[in-house]
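Trainee: I am new to this structure and would like a close look at one part of it. Please keep the answer connected and plain.

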Amino acid sequence: MKKLWLHGVVLVLAVGYPLLARAGETIPIGVGGPFTGPYAAFGEQLWRGAEQAAQDINAAGGIDGKKIELFKGDDACEPKQALAVANQLVERHGVKAVIGHFCSSSTIPASEVYAEAGILQITPGSTNPMVTERGIKTLFRTCGRDNQQGSVGAQFVVNALHARAVAIVHDKDTYGQGLANAMRDELHRLGKKEVLYEGLTRGEKDFNALVTKFKSVNADAVYFGGLHNEAGPLIHQMKDQGLKATLVSGDGIVSQDFVVAAGGPPYAEGVHMTFGRDPRKIKEGHEVVERMRKIGYEPEGYTLYSYATLQVIAAAISATKKTDGATLANWLHSHDVPTVMGSKGWDAKGDLKVSDYVMYRWHGKGGYEEVP
Amino acid sequence: MGHPLLTQPLLTAILVLLLTAPVSGLVLDGYDFNLRWQPPLWLTLIAFCIHWMILLFKRWRLGEKTGKPSPWSRVSSWGSRPSVHRLAFFVLPVVGLVLPFFLGKYGLTVAILALIYVLLALGLNIVVGLAGLLDLGFVAFYAVGAYGYALGHHYLGLGFWLSLPLGALLAACCGIVLGFPVLRMHGDYLAIVTLGFGEIIRLVLNNWMDFTGGPNGLRVDFPTFFGLEFSRHAKEGGIPIHEFLGIDYSSNTRNIFIYLVLFLVVLLILALVSRLKTMPLGRAWEALREDEIACRSLGINHVTVKLSAFALGAMIGGIGGVFFAASQGFVNPTSFTFFESALILAIVVLGGLGSIPGVMIAAVVLTVLPEMLRDFSDYRILVFGLAMVVMMIWRPQGLVRARRPVFQGRKA
Amino acid sequence: MVATMAAEIFAQQTVNGLILGATYGLIAIGYTMVYGIIGMINFAHGEIYMVSAYLAAIFLAVLHFFGLTSVPLLLVAVLLATVLVTALYGWFVEKIAYRPLRHSTRLAPLITAIGVSLILQNYVRIAQGARSQGMPSLLQGSFILPVGDQGGVVQITYVQLLIIIVAFLSMAVLTFIMQGTSMGRACRATEQDRIMAALLGIDTNRIIAIVFVIGAAMAAIAGVLVSLNYGSFDFHIGFITGIKAFTAAVLGGIGSLPGAMLGGLILGLAESFFAGFVNSDYKDVFAFSLLVLVLIFRPSGLLGQPQITKV
């Protein structure tokens with residue numbers, strides 16, 4: 001029996017080896033995110049950013065002469081598919097590093113696969129604290145954390161809106177609930193208590209009953225932890241029922257799709273959200289932003305985060321001349337990397353040393369602007 | 001009138017153009033739209049060709065002499081020959097046992113999934129195929145098994161080996177509990193109530209955040225082999241199996257192990273189910289399916305017979321669930337949607353209601369097919385749906401027609 | 001003050017429930033008629049509704065492109081075009097996927113129905129993309145009705161009012177067609193006894209096709225109005241709404257037209273009240289439990305005819 005096991009291992013190696021040998025010509029890198037399903041808009045942001053970065057790096061000679069080859073891993077923002085896709089990226093494509101995933105609920109289960117395989121993973125968009133709190137050494141992020149985001153949201157609701165009654169709603173997902181909880185904690189710290197705390201179900205469109213509930217508790221501010229697909233109908237129905245409350249949310253609605261889901265700019269107008277300082281306004285990124293706009297793509301939301309993430313991976317590989325996760329991670333912990341979003345450095349957990357959230361407001365023309 | 005061979009397809013083509021022009025030719029972009037010429041024209045052309053070919057084929061079949069068995073019927077009669085059965089009886093287990101050592105990691109996960117679906121289909125086959133009770137919520141028992149393991153592990157620290165019988169028992173109990181109220185219902189009302197139960201279980205799993213983790217799911221530990229773990233580094237004091245055996249670490253070892261255990265369980269269940277078919281209980285199921293009133297007047301206790309079908313089917317589904325949780329290392333409610341119930345039902349119907357070999361073949365085909373189509377990524381489910389419709393129209397009675405066991409008296 | 005507040009909230013939740021229920025009822029008609037006539041659960045019906053939402057948005061965009069701006073004209077044109085093409089979809093699906101299986105086992109069309117719903121869902125996803133799409137709000141503004149004497153109000157948007165009016169209007173027209181025309185008589189005859197109807201010279205295949213067309217047309221009306229109401233839709237909406245509408249059809253007694261509407265309204269109100277006054281997480285659990293309970297105590301639904309087993 002023991003010999004049979006060995007045969008199996010030998011066979012797997014024999015089949016696997018040619019793949020590894022071929023991979024020598026390029027450096028395969030995975031991009032994990034929701035490329036299909038209701039949250040495909042975010043997957044596209046990640047892919048566009050990474051694709052542009054790969055083109056630019058390859059045009060400049062690649063990483064020490066080796067070209068970057070990107071592989072899509074579609075998780076549809078579902079934990080189950082994230083696991084399957086992570087295995088596929090590792091086993092079939094033999095990726096050396098992963099950009100992704102997007103939804104925290106996908107990033108967390110997928111990260112265990114990458115960690116076991118010893119592959120560097122950098123997520124440009126998963127903001128849930130648990131992502132980096134589990135002690136995985138090879139996991140980093142180029143975005144902020146929800147506790148920072150939630151507290152900015154809570155401070156805004158209390159200090160700028162002077163809200164008397166705050167309702168908190170989330171979509172039960174790791175990201176949405178994490179954000180809602182972070183906001184609630186900060187609210188309590190500021191000495192306020194929410195009047196309503198409830199979950200809604202992803203994929204639904206009818207929140208009229210919930211909106212009437214906001215009315216019944218006289219909410220004048222509603223904080224939503226979730227993504228644009230549910231935020232859109234929520235604000236639509238709030239306005240239809242004549243509710244005057246302000247909707248405040250996080251970075252899950254930073255996409256033009258939010259305006260479409262809400263039913264047009266008039267509905268989206270006045271919705272507030274927290275997001276990192278607009279990456280399009282950082283001077284290092286000007287040239288890239290211009291180039292992407294020229295081909296007809298507006299690098300909104302997480303596009304530039306994804307671009308920066310690939311730059312970080314490329315920098316680490318070219319500095320260490322290695323591709324194993326542990327070496328790359330060690331290097332990243334001790335070096336700052338210049339990116340299109342400015343210079344980035346990481347603490348021991350893999351979180352950014354500096355990350356700042358600011359409040360944005362959707363205006364009547366379908367775009368968003370920083371709240372001064 | 002033109003030639004009927006061309007006018008009919010032409011009409012179809014015009015209809016398809018009308019249908020597809022708005023949805024695939026005018027693509028929404030915000031509140032505006034973009035015009036695309038090619039997709040509707042291609043679809044129209046394809047529809048024209050398909051209809052034309054069907055007409056040609058029909059004409060050809062008409063001209064052909066009847067009475068000649070089609071090649072397919074030869075295959076299916078070959079499948080039911082006893083000598084072939086005996087051969088399969090010896091060859092299949094050997095092939096199944098050796099197979100994992102020749103599959104890569106990816107192939108192995110697909111094989112495990114296929115075996116899980118074989119289990120689920122065998123379970124549902126008892127309820128729908130043999131007992132004739134249309135169950136649209138079979139996924140509930142699958143979920144009970146999977147969550148039984150995950151929750152038992154999370155709160156009570158139960159291992160895989162204890163969870164396997166417990167999960168099966170739990171699912172069987174659920175089957176009985178569900179069975180009681182629906183005994184009075186017939187046919188489609190039963191289908192709807194089971195559908196309701198399936199959705200209720202999934203919704204509760206999804207919403208009871210404090211207990212089940214909600215949409216974010218629960219992590220499950222992988223099974224151990226007499227205390228030997230399959231991870232790279234063992235937890236608190238355990239020994240990883242690769243150190244124990246002195247071989248290099250490979251994440252495949254664990255999957256091969258799960259595969260082998262699962263395979264043995266499938267063989268066991270298979271033996272059980274094919275035995276049951278010829279036993280009085282199995283006969284009573286089929287009799288009850290054919291005519292309930294006649295059975296009751298003949299003194300068959302329809303309550304115990306129906307409940308036993310529900311309980312056994314549910315038990316097998318629960319075992320499938322435990323294995324699913326063990327192989328994924330993770331469970332969350334999206335694995336237990338109505339689509340999954342529909343898929344299992346499709347397996348049972350496509351395989352041929354009540355036919356065990358047919359159901360097994362269909363289970364393997366319907367799980368391996370979507371995986372093979374993964375390279376078409378975008379068109380995967382579309383092709384899968386097409387295959388379902390075409391298969392059903394082509395062979396409405398399923399791949400393999402169910403055969404009643406025949407008892408022949410000894411020849412004089 | 002508290003009493004007014006409660007009355008106001010109660011009234012608003014009733015309105016929410018009625019609107020939701022009216023749309024369920026419209027879609028449920030397709031399920032209930034098809035089931036009544038060929039005894040099959042048409043699982044693809046929810047997807048037909050989804051397709052109609054896309055069609056509505058597309059026609060709206062096209063008409064807008066050609067410079068049509070008058071809102072009533074737009075509404076009528078979009079409604080007509082959507083109903084027409086969606087009905088064609090219903091007819092086509094029946095011809096391709098269900099008619100060839102008319103004489104095979106009862107489960108065979110159920111499986112093709114599942115196949116068809118997969119095909120429609122993914123066809124739309126591939127053609128239109130996975131992101132959720134939007135519908136500009138044509139009718140803005142709302143009625144504000146006073147509740148009680150201390151200034152409580154209930155707000156009903158024009159679109160919501162339109163939903164309720166159109167739902168009941170189309171129910172009335174449909175009832176007239178079924179009761180008063182020769183086609184309706186033929187439908188009912190086919191429903192009673194298909195073989196006998198065929199013997200009496202009714203083209204049952206045509207009647208079955210008509211039933212599919214009517215069901216799809218009703219779903220299309222719901223599709224246009226619902227997407228106008230919520231302002232957004234995606235290729236997933238067919239599934240959830242389909243199951244709910246089907247539940248409504250069963251609740252009211254499958255096969256019965258008024259039953260479909262009644263079931264829809266009860267389901268809508270139940271969901272809305274449960275979400276509003278108890279807990280919005282478990283509103284669907286409540287809806288399905290209601291279904292199970294009704295079926296246990298009244299196995300053929302609220303207005304359905306009890307099944308008689310002939311020996």
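Trainee: What distance separates the centres of domain 1 of chain A and domain 2 of chain A, taken over C-alpha atoms?

Mentor: The centres of domain 1 and domain 2 of chain A are 31 Å apart, taken over C-alpha atoms. Before going on, note that this is a predicted model, in which local features need pLDDT of at least 70, side-chain atom pairs count only at pLDDT 80 or more, and totals for chains, interfaces and linings use all residues. Residues are numbered from 1 along each chain as its sequence is written, while chains are lettered from A and ligands numbered from 1 in the order in which they are written.

The bounds of the two parts come from an automatic or database domain assignment. In chain A, domain 1 covers 2–143 + 282–344, and domain 2 covers 146–277 + 357–370. Between them, 15 residues of domain 1 of chain A are in contact with 16 residues of domain 2 of chain A; two residues are in contact if their C-beta atoms, placed from the backbone, lie within 7 Å. On the domain 1 side, helix 2 and helix 4 (104–117) of chain A are the elements that give two or more residues. Helices (H or I, at least four residues) and strands (E, at least two) are DSSP runs, numbered from the N terminus. Helix 4 of chain A gives the largest share of that side, three residues. By class, the domain 1 side has nine nonpolar, five polar and one charged residue. Here Ala, Val, Leu, Ile, Met, Phe, Trp, Tyr, Cys and Pro count as nonpolar, Asp, Glu, Lys and Arg as charged, and the others, Gly among them, as polar.

Now to the sheets of chain A. One is an open sheet of five strands in the order 2-1-3-4-5, with parallel pairing; two strands pair if DSSP finds at least two bridges between them. Strand 2 (67–74) and strand 5 (139–141) of chain A are at the edges with a single partner strand each, so one side of each has no neighbour in the sheet. From one strand to the next, the twist averages 25°; axes are lines fitted to C-alpha atoms, for helices over the stretch in contact, and angles run from 0 to 180 degrees between N-to-C directions. Within this sheet, strand 3 (residues 97–99) and strand 4 (residues 120–123) of chain A pair in the parallel sense over three bridges. A:Ile99 stands opposite A:Ile122, which is in strand 4 of chain A. Helix 2 (residues 40–59) of chain A lies across strand 1 (26–33), strand 2 and strand 3 of chain A, and runs at about 170° to strand 2 of chain A.

The other sheet to look at in chain A is also open, with seven strands in the order 7-6-8-9-10-13-14 and mixed pairing. Its edges are strand 7 (196–199) and strand 14 (368–370) of chain A; each has a single partner strand, so one side of each is left without a neighbour in the sheet. Neighbouring strands are turned by 25° against each other on average, direction ignored. Strand 10 (residues 272–276) and strand 13 (residues 357–362) of chain A pair in the antiparallel sense over five bridges. There, A:His272 has A:Arg361 in strand 13 of chain A as its bridge partner. Helix 6 (residues 146–160) of chain A lies across strand 6 (166–170), strand 8 (221–225), strand 9 (246–249), strand 10 and strand 13 of chain A, at about 60° to strand 13 of chain A.

One residue, A:Gly242, sits in the loop between helix 9 (228–240) and strand 9 of chain A. A:Gly242 is partly exposed, with 15 other C-beta atoms within 10 Å; a residue is buried if 20 or more other C-beta atoms lie within 10 Å of its own, exposed if 12 or fewer, and partly exposed in between, with C-beta atoms placed from the backbone. A:Gly242 and A:Thr212 are 30 residues apart in sequence, and 10.0 Å apart in space, C-alpha to C-alpha.

For comparison, chain B is also assigned two parts, domain 1 (4–57) and domain 2 (82–394). The centres of domain 1 and domain 2 of chain B, taken over C-alpha atoms, are separated by 40 Å.
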